[in-house]
Amino acid sequence: MSSTDTSAAGALPTIDCADEPIRIPGSIQPHGVLLAVDPSTLAIRVASANVAEHLGTTAEELLGRDVRDVVGPETVPALPLSDDALEPRRVTLAVPEGRTQTYDVLVHLADELLVLELELVRDTQADRPRRARVALRSLQGARDQAELAEIVAREVRAVTGFDRVMVYRFDADWNGEVVAEEAREDLDPYLGLHFPASDIPAQARELYTHQWLRSIPDATYSPSPLLPTDAPTTGRPLDLSGSTLRSVSPVHLEYLANMGVRASMSVSLIVHGRLWGLVACHQVDGPHYPGVAARSSAEFLGRTASLLLQGKEDEARYVDSLTIAATAAELQRELTAQARTPLLALTAEDRVLDLVEGATGAAVRLDGQLRLLGETPDAKQVTALAEQLWAEGGGTVATHRLGHDLPGSDLPAQLAGTAAGVLAVRVAAGASRDALMWFRPEVLREVHWAGDPEAKGTEATPDGVRLTPRHSFAAWVEQVRGTSEPWTASQVAAVEQLALDLGDLLMRRKAEEERVASALRRIVLTERPPTPEGYTLAQRFLPSNHDALGGDWYDVTALPDGRVVFMVGDVAGHGIAVAAITAQIRHALRAYLIDEGSAAKALRRAGALVATLLPGELATVIAVELEPSTGRVRVSRAGHMPVLHLTADAEAFVQGTRGPVMGVEVLGDAAFQEAELQLGRGECLALFTDGLVEERGTRVLASLDGLLTRAQGVERDPEELCDALLASAPQGDDDVTVVVLRRD
């Protein structure tokens with residue numbers, strides 16, 4: 001039952017049953033007596049008010065007395081308590097009117113006090129507990145969890161004698177479903193009905209996890225308060241978490257009355273430390289007092305069933321994991337064999353989709369590429385979904401109801417047909433966008449509730465407005481949409497392991513690429529290019545956001561006749577493969593320069609080489625031949641950006657140069673048009689790649705004009721010019737290279 005905010009002026013606060021102090025109710029059920037004693041002196045410190053009805057003396061008269069004088073010395077266990085001392089004891093006591101009554105005595109420690117509960121023996125069916133031994137054999141023979149639940153319901157009813165016994169299983173949201181039932185034939189069945197999580201508040205579920213059994217022999221009882229109200233050891237009401245006689249919430253008693261239940265008992269079913277469900281027992285016609293032996297047998301069956309349920313769950317998980325492991329191993333082999341192309345290894349033959357049984361679609365996003373397999377949202381929707389799932393970071397997402405886990409988003413409604421359920425894992429944390437995702441469509445289903453789960457009422461009390469349980473438990477059918485089949489723990493573990501393996505592979509690949517890239521950069525980007533005497537050279541290289549290694553390069557080659565050729569080039573693409581092509585073109589140009597003695601002729605021959613031996617590859621180059629002694633310059637270019645000439649008071653691009661892009665097949669002899677100029681003292685030439693000026697949505701001529709503007713007013717110092725030209729360079733997916741030569 002959920003709370004409602006009524007904090008407005010004049011409104012009474014709403015009392016939420018989830019906030020009730022069920023551990024410290026301050027009272028007990030009256031079919032027994034509670035005495036709490038000082039362990040060191042055995043003096044009674046707390047007593048239930050109903051001792052007069054049972055023992056003929058008032059609670060006030062008992063306080064301070066030695067408990068052994070009241071219940072007999074043989075009833076009080078020796079201290080310190082051992083497991084044997086906690087076993088129930090039976091004692092016959094003299095009561096008013098010269099009679100005797102027999103009590104079962106239960107002992108536990110609470111709030112540094114020794115708590116004795118004397119429960120009046122009423123159950124004479126002593127033969128019922130013997131059935132537990134037979135029941136154990138039946139439980140061990142169950143084939144699956146469903147059959148095990150049926151046996152538990154049957155055998156618990158046999159040993160306790162309740163009118164109805166149900167096995168009630170919790171789902172992931174703590175809603176319950178009756179999965180097995182054993183009942184009198186004249187009772188309406190509850191089998192298959194669902195109960196909302198609010199029927200058993202979180203604090204009650206937490207208590208059930210630690211206390212295996214709770215009994216209410218008569219739900220119409222009047223509670224017997226404890227005296228004094230606060231325990232002397234703590235100054236607050238005695239903690240009755242471990243008490244058999246603990247009084248229960250009035251809301252729960254009203255709930256039972258609305259169901260037509262006069263007596264109830266529940267036994268916890270706990271799997272892997274979590275409350276799996278309850279064995280719920282109901283008596284309809286009147287009070288029902290199963291004795292300590294019967295309750296102990298029921299608890300034994302519940303504990304045994306819990307272990308067997310856990311075993312069945314582990315067995316199913318193991319079988320599931322074996323199937324997944326086989327597919328995962330095949331994926332791992334393919335990833336190892338195709339370490340350079342992990343995207344292909346994962347998506348070939350839908351391998352990654354096969355990893356998760358029941359998934360109808362999958363998405364793999366690696367290295368900026370997205371591949372969709374099976375039935376999935378479109379690429380734009382998958383990208384938007386990934387952004388929303390990890391908007392605040394995090395790792396694995398496993399949801400079978402996307403709409404619930406993305407409140408306020410329009411996406412779940414759009415994706416219900418393909419992705420009501422999503423299993424997603426990031427390949428690496430941080431800024432990485434690499435991810436693996438699996439999808440399941442919406443599965444329409446009907447949920448049969450025991451009454452409308454939202455039908456709650458309110459009741460005015462002196463302390464505030466109290467929420468009351470619903471009055472009708474007639475079957476109420478709900479159409480559930482927006483959910484898929486849930487993901488299993490084995491599937492979640494498998495995708496997380498795949499993400500780890502893939503992340504390791506990508507890290508190793510990146511480390512290898514960086515090692516190779518470092519070597520290639522030293523080849524294509526000369527760290528200390530030779531500079532003729534009387535000249536100063538500065539260079540800058542900025543890798544793209546996409547890859548640390550691209551197609552940009554620069555070189556300085558000295559010719560036999562004393563001339564020096566300065567070159568800047570750009571091969572289309574990024575990565576090691578492109579860097580390797582860059583190195584080939586650079587070395588070919590060096591050889592052709594020495595052989596031909598002309599940059600234009602070397603460019604022509606290199607262009608033919610690329611077109612013939614490297615089909616599909618494209619490259620551009622700008623070359624400046626310098627005669628150091630005179631400052632005479634000849635400029636040649638193959639489809640590249642022009643050279644920028646900077647004099648003392650002007651900036652202009654060198655005009656009149658032309659030549660085809662390398663790799664483009666040219667009919668006839670490729671014509672290269674060269675330009676000549678005289679480089680005066682203090683003047684500079686700037687060679688650069690298109691990454692310095694090209695920006696999406698902006699025309700190249702406008703970008704070149706912007707470059708001229710950035711150069712205005714800058715000292716003709718090569719280092720300062722490099723920095724100034726780079727200052728406003730577009731931040732994109734292309735490398736940027738700048739080389740500035742000045743005649744001193």
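Which residue in E7 is the bridge partner of glycine 32? The partner is glutamate 119. This is a predicted model, in which local features need pLDDT of at least 70 and side-chain atom pairs count only at pLDDT 80 or more, while totals for chains, interfaces and linings use all residues. Residues are numbered from 1 along each chain as its sequence is written, and side-chain values use heavy atoms, with hydrogens and water left out.

Strands E3 (residues 32–37) and E7 (residues 113–120) run antiparallel and are joined by six bridges. Strands are DSSP runs of E of at least two residues, helices are runs of H or I of at least four, and both are numbered from the N terminus. Two strands pair if DSSP finds at least two bridges between them. An open sheet of seven strands has the order E2-E12-E4-E3-E7-E6-E5, with antiparallel pairing. E2 (27–28) and E5 (89–95) stand at the edges. Each has a single partner strand, so one side of each lacks a neighbour in the sheet.

The salt bridges number 27 (a side-chain nitrogen of Lys or Arg within 4 Å of a carboxyl oxygen of Asp or Glu). Aspartate 163 pairs with arginine 184, the closest N and O atoms being 3.2 Å apart. Aspartate 163 lies in the loop between H5 (145–160) and E8 (164–170), and arginine 184 in the loop between E9 (176–183) and E10 (194–195). Aspartate 163 is buried, at 7% relative accessible area; arginine 184 is partly exposed, at 21%. Buried means under 20%, exposed over 50%, and partly exposed in between (1.4 Å probe, protein chains only).
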